[in-house]
Amino acid sequence: MRRPAFLCWLLGALAGCGEVLTPSRTPRYPADHPTLPGEFFRWTTDRLPVRYFADTRGNMAALVAHGVGLWERQFLYGEFRGALVADSNAADVIVVWQDSVPPAAPPDTAGAVGACDGVTTILIDSASAITEALRVELRVQPGFTLAQVAACLPRVAAHEVGHTIGLLRHSSGPDDLMSGPPRVDAPTARDRATAEVLYHTQPTITPPPP
Amino acid sequence: MSGTVRGGVMLAALLAAWPSGRLAAQVSVHIGAGARYGTALIRDSIVVPIELRPSIAPALLLSVRDELRGPWAADATLDITPSGLQRHEAGSSFDAGSVTAVAFSVGLRRTFANGLTGRLAIGGLAYTGSSEGAFRDGSGGLMPLGSVAASYARRGFTIDARYDVHRFITPALRAMRFNNPRPVHRVALTISRRILGTDGAP
């Protein structure tokens, strides 16, 4: 009686006896284009790493790197990768300040939703092809302290990077990074599931020319 | 890295523990190289089935063997396999980085006849050299390993057919709610040569 029990333990230790279940990618939210329902955009493997140009003023490069890194870490198989480039002419995504450049300051721990915002512009022609580099603009809102702006910017930058990877809609979940405006600093399980499913869905919108 | 260091420390301890007279008389050191195939590290399903699989890769071996009584011998083997990783999805393959598997095992060998030998071993395996994707939060530490092998020795060379199995899971996979480690089966064909000492091999 002891020998089979030992053998089962040994085999279990080596090979594992329990059934291996793949995790569910639900719940998630729609990722198609808000005004072109059923049209999906994502970067294809041959376009990785996606090349980001960050405004050379202020801490934009750090904000973009932070946002790209957050989204890269949502994927298990390297489906999305981004890299900063120095030449805006060689970029797939251009991220700039819309007007004033905020000076560096220690962030306010309260978060300060609304102290900044951003907009991502994607020009798509009638053939569902993106015609030029995606453009992201970050803007500082008046009436907030520098600390509040410093707390807001990484969150909004990560949210806009989420749009540039192909999450074209806002989440209806107020606790998701891709809700508008974002209230959390990192992608949630819903954000991750949505991005993962998008990156294994056939895109219908063509990326901009390389 | 912890697996590499641990394996190296164990091998060094093993060498230090052997009396020098014994080393001269019955202990031999072998190096080997070959090719290894492994089954999928991860099987997943996101819209379509996905596998993360190591590519066929070189296998490098360092082994210390001590002849026991009769046809028996004990050995300790350090086995290193640097391999590329590929994501297989919907009939296509995509590069997914690389990783190195470092395994250390202790085993018992029995020589049968005409240079044929069987080996049964247990040990541990660790993955190192990657911090991306499934390995972004670490490699999962030392995983238990079981191994069997058949060898044929002739004129100082030994051809080994090796099979081993271990369980694979990483902190990133656990965070993504993979519930259990997955068994990973590996087979290797290697050729090795004695570089120090003598043994019972022809």
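Predicted model: local features only at pLDDT ≥ 70, side-chain atom pairs only at ≥ 80, totals over all residues.
**View 1. Chain B, from end to end.** Chain B holds three helices and ten strands; here helices (H or I, at least four residues) and strands (E, at least two) are DSSP runs, numbered from the N terminus. Residues are numbered from 1 along each chain as its sequence is written, and chains are lettered from A and ligands numbered from 1 in the order in which they are written. Of the 202 residues in chain B, 40% are buried. A residue is buried if 20 or more other C-beta atoms lie within 10 Å of its own, exposed if 12 or fewer, and partly exposed in between, with C-beta atoms placed from the backbone.

View 2. You'll find A96(B) in strand β6 (residues 92–111) of chain B. A96(B) is buried because 25 other C-beta atoms sit within 10 Å. Leaving out residues up to four places away in sequence, A96(B) touches Y77(A), G78(A), L52(B), L85(B), Q86(B), R87(B) and G133(B); two residues are in contact if their C-beta atoms, placed from the backbone, lie within 7 Å. Q86(B) is ten residues from A96(B) in sequence, and their C-alpha atoms are 5.1 Å apart.

**View 3. The five-stranded sheet of chain A.** This open sheet has the order β2-β1-β3-β5-β4 (chain A), with mixed pairing; two strands pair if DSSP finds at least two bridges between them. β2 (82–85) and β4 (116–121) of chain A are the edge strands, each with a single partner, so one side of each has no neighbour in the sheet. From one strand to the next, the twist averages 25 degrees; axes are lines fitted to C-alpha atoms, for helices over the stretch in contact, and angles run from 0 to 180 degrees between N-to-C directions. Strands β1 (residues 50–54) and β3 (residues 93–97) of chain A run parallel, joined by three bridges. A54(A) stands opposite V95(A) in β3(A).

**View 4. Helix α4 of chain A under cover.** Eight of the ten residues in α4 (residues 189–198) of chain A are buried, among them R190(A), D191(A) and L198(A). Their cover includes α2 (60–72) and α3 (146–165) of chain A, plus β2 (42–46) of chain B.
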